[in-house]
Each structure stands twice: as structure tokens, then as C-alpha cells.
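Please keep the sequence and the structure in view while reading.

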Amino acid sequence: MSLLIISTSLNPESKSAILAKEAQGAANAWGLESNFLDLRDYDLPLCDGDSAYSHPDLSKISGILSACSGVLLAFPVYTYGAASATKNLFELAGKSIQGKPIGLLAAAGGKNSYMAPLSLANSLMVDYRCPIVPKYVYADGSVFENGSIVDESIKERIVELVKTLDHWAKVL
Ligand SMILES: Cc1cc2nc3c(=O)[nH]c(=O)nc-3n(C[C@H](O)[C@H](O)[C@H](O)COP(=O)(O)O)c2cc1C
């Protein structure tokens, strides 16, 4: 039983990666086994529905996804939705998370895109039959200062998300 924390932003100074690290810390503090996958460490091609499926990095990532019992997915909000790098991951490797529960952690610039995770949630539910923890984490730019989370309520939401996801992973 192991949770997988996935950071999908390609930005070297990613704020959603900070949410992902916080989630990893919460999992550790709760005594949960977890692994961390950062898309910046890979060179995934854009999904073309064809040769991209043969890329060597994809088999590595698919193996990591297949091995976990639940996913904490951190992503950037771009144009009122999940960034294309996030969606690309599931276009390429979605089959490997079939049926696994998922908790979402979104980083956005402003407060108004709080519905942005829903399109991704729908796709993960409908395409890959993943149960999605309804109470996701949404953090706008004011939550971060100098590479850290300065809003205690967001830290609490992350702990709650990790605990809920662990419970769902065990039940399922
Ligand atoms: C192309 C682009 C589109 C964006 N669109 C939105 C948006 O629709 N709503 C929003 O609140 N922030 C938007 N932002 C700001 C990002 O959500 C913000 O920079 C966030 O920190 C990105 O996550 P990351 O730091 O993990 O990459 C956008 C940023 C970029 C580069």
C-alpha cells in the first residue's frame, strides 16, 4: 500500500510542486508509505495517439503509476483548467491509474479559478474510473512566500486530503 505524489508542473519554480512536497511531508508525518514523481525529471513527448506511446520515459512512468494504491496529483491552473502537461500525462499513461483514488492539489495565480480542477476530475472519473476526493486543495499565489506555504489553513487542507486519500486507498 503506497501513495504516489505526482508533481506535474514543468516550471522550475513551481508552486504546485511546493504543495506536492507538503503532501509528502504530511504522508511521512502520518507514517504512510509514499513515492514522489516529478514530471520535470522526465522528457515526455506530447501525446500524438501514436509513436509517443513508445517513448522510453513512458514505460518508466507507467510502471510507477501502476505500483501505487492512490495518487496525490499536484498541478498548475492554466487558462481555467489543468495545465496541458498534466493532461498529457493522463493521455499517455492514464490506463496505469485505472480505478485508483485521486486527491487533487491545484496552484493558481488568483482566487477566481477555483472550479478549474473539475474538468480534470471529470476526465479522470469518466475515462479512468478514478474516484476523486471531492474536497480538493486550491492554492492561489497569496498562499506562498519565498518558496514556502504561509497559509496554515492550506497546510491543514493538505493533511486532511492525505488522510482521506489514504482511507479511500485502504477501503478500495
Ligand atoms: C499560460 C498560463 C495560464 C494561466 N492561467 C491561469 C488561470 O486561468 N487562472 C489562474 O488563477 N492562474 C493562471 N495562471 C497562473 C498559474 O496558475 C500560477 O502561476 C501557478 O503558480 C502555476 O502553477 P506552478 O507554479 O506549479 O507552475 C496561468 C499561468 C500561465 C503561465
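How many bridges join strand β1 to β3, and do the two run parallel or antiparallel? Five bridges join β1 (residues 3-7) to β3, and the two strands run parallel; strands are said to pair when DSSP finds at least two bridges between them. The model is a predicted one, in which local features need pLDDT of at least 70 and side-chain atom pairs count only at pLDDT 80 or more, while totals for chains, interfaces and linings use all residues. Residues are numbered from 1 along each chain as its sequence is written.

The overall plan may be set out next. The protein has five helices and eight strands, and along the sequence these follow the pattern β-α-β-α-β-β-α-β-α-β-β-β-α. Here helices (H or I, at least four residues) and strands (E, at least two) are DSSP runs, numbered from the N terminus. The radius of gyration is 15 Å, close to the 16 Å that the globule rule gives for 172 residues, so the protein is as compact as a globular protein of that length. This radius is taken over C-alpha atoms, and the globule rule is 2.2 Å times the number of residues to the power 0.38. Along the principal axes, the C-alpha atoms fill a box of roughly 45 × 35 × 25 Å.

Of the 172 residues, 39% count as buried. A residue is buried if 20 or more other C-beta atoms lie within 10 Å of its own, exposed if 12 or fewer, and partly exposed in between, with C-beta atoms placed from the backbone.

The discussion now returns to β3. Eight of the nine residues of β3 are buried. Six of the six residues of β5 are buried, so β5 is largely enclosed by the rest of the structure. Both of its faces are covered, with I102, L104 and A106 on one side and G103, L105 and A107 on the other. β5 also pairs with β6 (residues 137-139), in parallel and over three bridges, and there A107 stands opposite A139.

In soluble globular proteins, nonpolar side chains tend to be buried together. A nonpolar core is a set of buried Ala, Val, Leu, Ile, Met, Phe, Trp, Tyr and Cys residues joined through C-beta atoms within 7 Å. The largest such core holds 50 residues, of which L19, A23, L72, L105, A106 and V137 touch the most other members. The largest share of this core, seven residues, comes from α1. Leaving aside residues up to four places away in sequence, A23 touches I5, L72, L105, I158 and V162.

The ligand is surrounded by 16 residues, the closest being S9, S16, P76, A108 and G109; a residue counts as near if its C-beta atom, placed from the backbone, lies within 6 Å. The elements that give two or more residues to this shell are α1 (16-29) and β3 (70-78), and β3 gives the most, with three. The shell divides into seven nonpolar, eight polar and one charged. In this division Ala, Val, Leu, Ile, Met, Phe, Trp, Tyr, Cys and Pro count as nonpolar, Asp, Glu, Lys and Arg as charged, and the others, Gly among them, as polar.

β3 and β4 (residues 81-82) run antiparallel and are joined by two bridges, with Y78 opposite G81. Two residues lie between the strands of this hairpin, where T79 takes a positive phi near 45 degrees. Most residues other than glycine have a negative phi. T79 is exposed, with 9 other C-beta atoms within 10 Å. N146, in the loop between β7 (144-145) and β8 (148-149), has a positive phi of about 50 degrees although it is not a glycine. N146 is likewise exposed, with 5 other C-beta atoms within 10 Å.

Notes:
Contact = placed C-beta atoms within 7 Å.
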